[in-house]
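Good morning, colleagues, and thank you for making time for this item. I would ask you to keep the structure in view while I speak.

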Amino acid sequence: MYRTEPVADFFIEDEWKPCYCCSGKEAITSSGKILVSERGKSKIVCLCSSKLQLEEISDTLYSRPSLVSEVSNFTVSELKRLKEDRAFNAQSCEKIKNGTVRSTFKVNSTIVEMLQGKFGRQQFHPIPRWSDCCCKICTSWTSSSKETLFVRAEGPRDKAREDVLFIHGFISTSAFWTETLFPNFSRAAKSTYRLFAIDLLGFGRSPKPTDSLYTLREHLDMIERSVLEPYKVKSLHIVAHSLGCILALALAVKHPGYVKSLTLIAPPYYPVPKGEQGTQYVMRRVAPRRVWPPIAFGASIACWYEHISRTICLLICKNHRLWEFLTKLVTRNRIRTFLLEGFFLHTHNAAWHTLHNVFCGTASKLDAYVDAVREHLKCDVTVFHGQDDELIPVECSYNLQAKIPRARVKVIEKKDHITIVVGRQKFFARELEKIWRKSG
């Protein structure tokens, strides 16, 4: 099972799909098309005739040490790091013939292989992989010529005073908001605000391109292209959950003049201790490789084991129509299954890369985003967190408040990562309306 999936890719899709099991190599292209910077950040730069594109690739994609090696190789790795740092500082920049400076870097060969294919073709693949579901819901985005996210919009079209953008968390969809909060907003709110709930790139009914690396930049670009630009948004409130909080902070920093308020629910903010490598530290905190509680076990499988998580995704997501049918059969259709449907509607390619490149890969950026919100934005910041959240601990919200003193933190008793919204949607809808009125 561990190595059969690339073979299946070759026979069924007629091409290899590289995984992240191979060791890193020195692989810098001589053409100037791809340059890679700085260990731990792995910035991939694509140079073309008109612009420079920067991709942030997390080193956790290809560097996930085992528990044994973490203990046994600690001393050796520290000595090696000191040696590499001295060598890196001495050789990091080389002058080339035309007088410009070119940096030398270490990069994983799989990353280069994927990027060479991506930037060489520049295609937006409409056909899902063999391991992804091909039903009408999962492939609905292929029927449209627009390469934009799925957006659920409600409220007045022309007379809206302000706009509200809802960003869901990891392995979820816009239904997290539209099935809970949207029906419970007051008539006054619905007549005052335009409400936008999106399916993030790779999730729900949004595009799931196979050649995407689902970086922070790609997610932000799609939000801008799908909401901010077509709807001409100029005054914006942002409501975000879990992973969506990272995108919300990045979006607010990128468009500081637009944002009136930030409402963050269970933000995954882990300040990196001095001397720790940020991406690896956040990965260990988010996915601690524990078998209990179940939500932590699921996060560990999704983050640490590429082939196992893809096999699980094959069994669950590709066959989601069967699981949805069985759920409705067992419960006699007495419960709403929008949370399950949201969990099923993704691809492993999207989930795997989003988890690493956004959740873990922004470890070195998040402090800068938080500082920018504190220093340069005047928007209200409100943070909600469930006291019983077993995935993102409450301390994350208090860490955020320590960096942004004006942020108001509200810890809700007997609520977890999901029930912080689901089950208390009427009350939460009223709280949001108060925040918007005050910020407005």
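This is a predicted model: local features need pLDDT of at least 70, side-chain atom pairs count only at pLDDT 80 or more; totals for chains, interfaces and linings use all residues.

Let me begin with a definition: the expected span of a helix is 1.5 Å times one less than its number of residues. With that in hand, consider helix H17, which covers residues 425-439 and so has 15 residues. From its first C-alpha to its last, H17 reaches 21 Å, close to the 21 Å expected at 1.5 Å a residue.

Which residues of H17 are buried? They are Gln425, Phe428, Ala429, Glu431, Leu432, Glu433, Ile435, Trp436 and Ser439.

The protein has 440 residues, of which 50% count as buried. Its accessible surface comes to about 21,600 Å², and carbon and sulfur atoms account for 55% of that area. Turning to contacts between residues at least 6 apart in sequence, 76% of them join residues at least 24 apart.

I come next to a pair of helices. Two packed helices are described by the angle between their axes and the distance between the axes. For helix H10, residues 294-304, and helix H14, residues 348-360, the axes come within 9 Å and cross at roughly 100°. Angles of 65 to 115 degrees count as roughly perpendicular, and H10 and H14 therefore stand roughly perpendicular to each other. On the H10 side, the contact involves Ala302, Cys303 and Trp304; on the H14 side, it involves Trp352, Leu355, His356 and Cys360. By class, the residues of this contact comprise six nonpolar, one polar and no charged.

Most residues other than glycine have a negative phi, and most peptide bonds are trans. Where does a cis peptide bond occur? It joins Trp292 and Pro293, with omega at about 0°. Pro293 is placed in the loop between helix H9, residues 278-286, and H10. Arg289 lies in the loop between H9 and H10 as well, and its phi is near 55°, a positive value in a residue other than glycine.

Ala266 also has a positive phi, near 55°. Ala266 is found in the loop between strand E10, residues 259-265, and H9. Is Ala266 buried or exposed? Its relative accessibility is 1%, so Ala266 counts as buried.

My last topic is the region around helix H5. Thr173 occupies the loop between strand E7, residues 162-167, and helix H5, residues 175-178. Thr173 counts as buried because its relative accessibility is 7%. Setting aside neighbours within four places in sequence, Thr173 is in contact with His168, Ile198, Asp199, Gly204 and Gly342.

Ala175 lies in H5 itself. At 14% relative accessibility, Ala175 counts as buried, since the cut-off is under 20%. Not counting residues up to four places away in sequence, Ala175 touches Thr180 and Phe338. How far apart are the C-alpha atoms of Ala175 and Ile198? They are separated by 8.8 Å, and the two residues are 23 residues apart along the chain. Ile198, as noted, is one of the contacts of Thr173.

That concludes my remarks, and I welcome your questions.

Methods. Residues are numbered from 1 along each chain as its sequence is written. Side-chain values use heavy atoms; hydrogens and water are left out. Helices (H or I, at least four residues) and strands (E, at least two) are DSSP runs, numbered from the N terminus. Buried means under 20% relative accessible area, exposed over 50%, partly exposed in between (1.4 Å probe, protein chains only). Axes are lines fitted to C-alpha atoms, for helices over the stretch in contact, and angles run from 0 to 180 degrees between N-to-C directions. Angles under 35 degrees count as roughly parallel, over 145 as roughly antiparallel, 65 to 115 as roughly perpendicular and the rest as oblique. Contact means heavy atoms within 4.5 Å. Ala, Val, Leu, Ile, Met, Phe, Trp, Tyr, Cys and Pro count as nonpolar, Asp, Glu, Lys and Arg as charged, and the others, Gly among them, as polar. Accessible areas come from the Shrake-Rupley method with a 1.4 Å probe; for residues, only the protein chains shown count as cover.
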